[in-house]
Each structure stands twice: as structure tokens, then as C-alpha cells.
Amino acid sequence: LETLRSDMIAAMKAKDKARKEAISSLISAAKKVAIDEGCRDDIKPELVDRVILKELKTVKEQIDTCPASREDLKAEYQFRYVISEYAPKQMSADEVKAYIKEKFADVLATKSKGAIMKAVMADMKGKADGKVINQTVAELCK
């Protein structure tokens, strides 16, 4: 959160209004989630990371669903994608596969996708994209 705040101040000093607004909306979203979860004064980095990933997903969906005729909107959404530089690094499909095989060998033996997903998602939330995890688990269950 402090990194976001200092970058927002730097953007204000540089008179980079679009970047300032993108970072500001991220800080606001993090504060809102913190208030909702009852930890207003003690905002943990994990919470900020979770909010960043959620906002990144939202921006990605906005870019994908934006009509081609609205170039102005599309440009705005793509600039908001600047928040990706603050997102925590996500694991690749190969890293996910190795991690699951190593940590969840006992659950993998059941070949029950639901049970595996339940165990894996609780542990890997925020470390890898849910779609990648789902595809990897489906592949391992075959």
C-alpha cells in the first residue's frame, strides 16, 4: 500500500493524471475491502495483492468486452492496465503442475477433481490464476 501511495504522489508531481487516477482507484479499492473485512487500520499486503488481482481481472474483462467502435474507451481501459506492474507474480502452468504434484500427492491419488480443487485453491489463492490451476488439475485427473 505504501508503494502505491508513493507512486501516486510521484504521478501527481509529474502531472500524470491518468496514472494517478489508476493508482488512486487501486488504493480506494484496497481501503474499501479492508473496511469491509474489519481491518481498516492494519491493511495487510496479502489483501492489497488480492485487490490488485481482482482489479486487474476487471480491467482485462473491460478491454475484452469493449466494442471496437469505442476506441476512446478501449484506450482508457488499456491505460488502466498499468496496475499490472503492482500485481504479484503468478505461477506458470508448469510451476503449478510441479507444486500440485509435490504438495498434494495424497489428494491427487483420489483422482477426484472436486476434492483436489478444494485443497489446491485454498493453498494457491493469489499465487496462480484459477483457470491455469483448473486446467492443470483436469489434466492430472486424466
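1. H5 passes H7 in a right-handed crossing; a crossing counts as right-handed if the near helix is turned clockwise from the far one by less than a right angle, and as left-handed if anticlockwise. Helices here are DSSP runs (H or I, at least four residues), numbered from the N terminus. The model is predicted: local features need pLDDT of at least 70 and side-chain atom pairs count only at pLDDT 80 or more, while totals for chains, interfaces and linings use all residues. Residues are numbered from 1 along each chain as its sequence is written, and side-chain values use heavy atoms, with hydrogens and water left out.

2. The axes of H5 (residues 93-103) and H7 (residues 113-124) come within 12 Å and cross at roughly 115°. Axes are lines fitted to C-alpha atoms, for helices over the stretch in contact, with angles from 0 to 180 degrees between N-to-C directions. On the H5 side the contact (heavy atoms within 4.5 Å) is made by Val-96, Tyr-99 and Ile-100, which meet Val-120, Asp-123 and Met-124 in H7. By class, this contact of H5 with H7 has 5 nonpolar, no polar and 1 charged residues. Ala, Val, Leu, Ile, Met, Phe, Trp, Tyr, Cys and Pro count as nonpolar, Asp, Glu, Lys and Arg as charged, and the others, Gly among them, as polar.

3. H5 also packs on H8 (residues 130-141), with axes that come within 10 Å and cross at roughly 55°. That angle makes H5 oblique to H8 (under 35 degrees is roughly parallel, over 145 roughly antiparallel, 65 to 115 roughly perpendicular, the rest oblique). This crossing, too, is right-handed. Ala-93, Val-96, Lys-97, Ile-100 and Lys-101 in H5 meet residues of H8 including Val-132, Ile-133 and Leu-140. The classes are 7 nonpolar, 1 polar and 3 charged residues.

4. For H3 and H4 (residues 71-80), the axes come within 9 Å and cross at roughly 155°, so H3 is roughly antiparallel to H4. The crossing is left-handed. Glu-55, Val-59, Gln-62 and Ile-63 in H3 meet Lys-74, Tyr-77, Gln-78 and Arg-80 in H4. This contact has 3 nonpolar, 2 polar and 3 charged residues.

5. The largest pocket holds about 750 Å³ of space. Its lining has 23 residues, with Leu-53, Lys-54, Lys-57, Asp-129 and Gly-130 nearest the centre. H3 (45-65), H7 and H8 are the elements that give two or more residues to this lining, and the largest share, 9 residues, comes from H3. The lining divides into 11 nonpolar, 3 polar and 9 charged residues. A pocket is an open set of points on a 1 Å grid over the protein atoms alone where a 1.4 Å probe fits, with protein on both sides within 12 Å along at least five of seven lines; lining residues have an atom within 4 Å of a point.

Methods
Points joined across faces, edges and corners; volume = space filled by probe spheres on them.
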